[in-house]
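Please consider the model shown here, beginning with the contact between its chains and then turning to individual side-chain pairs.

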Amino acid sequence: MTTHGRAAIRAVQLTRTFTLGETEIHALRGIDLQVAVGEFVALVGPSGSGKSTFLNLVGGLDRPTSGELWVDGVELSASKERALTEHRRQRVGFVFQSFNLLPLLTALENVALPLMFVGVSERERLARARSLLEQVGLADRVAHRPTQLSGGEQQRVAIARALVGRPSIILADEPTGNIDTATGSEIMALLRRLNQEQRVTLLVVTHDLEAAGFANRVVRLRDGQIEAGA
Amino acid sequence: MKFRDLVRTAVSNLFRHKARTALTTVGVVVGILTIVTMVSLGIGVQHEMRAAFDTVGLESLRIYPVAEDTSAFDLFGQRQRTKLLTPELAQQLQAREGVLTVVPYLNLPTSMRVILHLDGHETAVTTRSSRPSSPGEPFDVPPRAVAGVEEPPPGGGGIVLSLDLLASLGYAREEVGDLIGREVELVLHAPRGDSQAFDFTIAGIVDQMWGSLTLSVPDRLRLLEWWYNDPDYLARRGYDELFVRTRSLNDATQMLDWLSAEGYEVESLKMMLDLASRGWIIVETMLGSVGGLALLVASIGIANTMIMAVYERTREIGILKAVGAAPGQIRSLFVLEAAFIGLLGGIAGTILGWLLGKGLNWLILEIFRWQEVPMQGTFFVVSWWLVAGALVFAALVGLLAGLYPAARAARLVPLDALRYE
């Protein structure tokens, strides 16, 4: 990996092409985008516009086909698996549309889970998890399993889990996609509050314009290219 | 990731599907149970053999006369002997450095028909060998005196009877003490038509023995001289065996070399023990292989269970990778789960193997008792190293079976795994 500048996210002519049989799908076609440290950016666009693909590249879940991608000063495009694992541990936290909590763990254990993989002691990781659950308003639900929580509560647990590793960037892929409108607004308000209080950079992918309205800046994608807001 | 967290996570994952985990361990249980039972049998039997031989004395030798080839028989239908065990040889051996005792032994032919007469009762009897310095064969239970002595006086004239024989004549156990010193008559009936009575005094009564009564070597000689109508029986045939006890194993080895060089047939108890042990190891290995085969099949079962687990937990693996789990940590988790399946099976198999050994031991002794075989012993011994070895081996089988599924889990692409339904 190599280091460059102070932008939280910097994409230079970023492309991602998928091959399905004999067909090539150009999910991203030369994206140029910068996201400043502490900025709250919403990526909007129709299905297939490439917004989730961009998020996955920033999160180290995928590798670009070409171009440069700098996240928190580290270039990811040529990184090996070990480096991407470190990237996911240290720099980014994920919030998924379907929450992706482990059903057999309690809320507290779900939030503490990422810290187990970096060797944090059980006592410390549970203490940090408990503190974060308090911040997201779930202090009285720590011992509940995901099946015992509402959609909004599960997403709050997921947000707490994303924050537990103290990442510099939070990546949220359709965080309001599986919950009702009112709850969705609460979630977006929570994300904005955390962005403002903790100065964590926030990149949210959404097709919901009302949710996008919580962001500082809205970037519109279409057919793998930026239409507006770059 | 701390090892404690790894272990706890692996154990908790196993207990998610208790029934499946239990069924998967069955193969390991069967394999370890078989191995533990077979190896414990080997340990027990070898331990008993060594103890029995130790009682006799590993520094002992058995010397036999050398007979010509099977076609040469004498007037009495016996094989000609070219090397005799004479009283002079016995004295010569006794005088040698390192020799403690030399005890002769004479067989009575199985065709010899002997009738015992006591207080107006009579019955056919069989005679037991008399080896004053030896309890007899390994696993044999030495006779215990109920009254009088256990072995007839070496000078002759005394006879030792079994309790069973007296019970068949109608004597109760409480009455037999009064028989010591009583006169008894043994009448031999030869095929040639005549018979001869020999008088003895009852010197002892024992609780159990092979055969009904025991005679000293001089008395056996008297019977043989009459039976074969040969007053020079000993000079012509010599003894049937000389049992030599030496001071040490070294002395026994030297004696063995000398006697073999002189052309005698010699058995060293150490040789017998080594031979028997080697034989047992072969048998043990063959039987243990059955358990090994079961474990091989069990390992396939474990691998199958773990592959299924990887499929079922694909999405979960994706989540773990997304929140920071390294491929190596995923691999370790699955390998450890497989090793634990093996270990659980090993624990259960070892316990069941121990119990089975206990049960079989009891059954064997019951059969001995029912068949009136005077043998005792613990034939199944589970040692601590057998337990440790079984558990380690079982865990290793599980671990090896889990390597491939664990590698598959580690190689999963996070994005694809997260999308898996």
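The paragraphs below treat the interface, the salt bridges and a surface patch in turn.

The structure is a predicted model. At the interface, 23 residues of chain B are in contact with 24 residues of chain A. About 2000 Å² is buried between chain B and chain A, with carbon and sulfur atoms giving 62% of that area. On the side of chain B, the residues that lose the most area to chain A are Ile319(B), Val323(B) and Leu415(B), which together account for 25% of what that side buries.

Polar interactions also span this interface. Between chain B and chain A, 10 residue pairs are in polar contact. The side of chain B that touches chain A draws at least two residues from each of α1 (3-14), α9 (314-322), α10 and α12 (414-419) of chain B. Of these elements, α9(B) supplies the largest share, 6 residues. Across the interface there are 3 salt bridges. One salt bridge joins Arg125(A) to Asp5(B), with the closest N and O atoms 2.8 Å apart. Both residues belong to a network of salt bridges that links Glu122(A), Arg125(A), Arg4(B), Asp5(B) and Arg8(B).

Over all chains, the structure holds 27 salt bridges. In chain A, the side chains of Arg217(A) and Glu39(A) meet in a salt bridge with an N to O distance of 2.7 Å. This pair links distant parts of the chain, 178 residues apart: Arg217(A) is in strand β9 (residues 217-222), and Glu39(A) is in the loop between β2 (23-35) and β3 (40-44). Arg217(A) and Glu39(A) are both buried. Another salt bridge in chain A, at 3.3 Å from N to O, is formed by the side chains of Glu153(A) and Arg141(A). Glu153(A) is in helix α5 (residues 151-164), whereas Arg141(A) is in the loop between α4 (122-135) and α5, 12 residues apart. Arg141(A) is partly exposed, because its relative accessible area is 22%.

In chain B, Arg236(B) and Asp230(B) form a salt bridge whose closest N and O atoms are 2.4 Å apart. Which of the burial classes applies to Asp230(B)? Its relative accessibility is 9%, so Asp230(B) counts as buried. Arg236(B), with a relative accessible area of 29%, is partly exposed.

Finally, chain B carries a nonpolar patch on the surface, formed by Ile347(B), Ile351(B), Leu352(B), Trp354(B) and Leu355(B), with about 450 Å² of accessible area together. Trp354(B) is classed as partly exposed because its relative accessible area is 42%.

Terms used: Residues are numbered from 1 along each chain as its sequence is written. Chains are lettered from A and ligands numbered from 1 in the order in which they are written. This is a predicted model: local features need pLDDT of at least 70, side-chain atom pairs count only at pLDDT 80 or more; totals for chains, interfaces and linings use all residues. Side-chain values use heavy atoms; hydrogens and water are left out. Patches are made of residues with over 30% relative accessible area and no salt bridge: like charges are joined within 9 Å, nonpolar side chains (Val, Leu, Ile, Met, Phe, Trp, Tyr) within 5 Å. Accessible areas come from the Shrake-Rupley method with a 1.4 Å probe; for residues, only the protein chains shown count as cover. A salt bridge is a side-chain nitrogen of Lys or Arg within 4 Å of a carboxyl oxygen of Asp or Glu. Buried means under 20% relative accessible area, exposed over 50%, partly exposed in between (1.4 Å probe, protein chains only). Contact means heavy atoms within 4.5 Å. Buried area is the accessible area (1.4 Å probe) that two parts lose on being put together, summed over both. A polar contact is a pair of N or O atoms within 3.5 Å; within protein, one must be able to donate a hydrogen and the other to accept it, and residues adjacent in sequence count only if both atoms are side-chain atoms. Helices (H or I, at least four residues) and strands (E, at least two) are DSSP runs, numbered from the N terminus.
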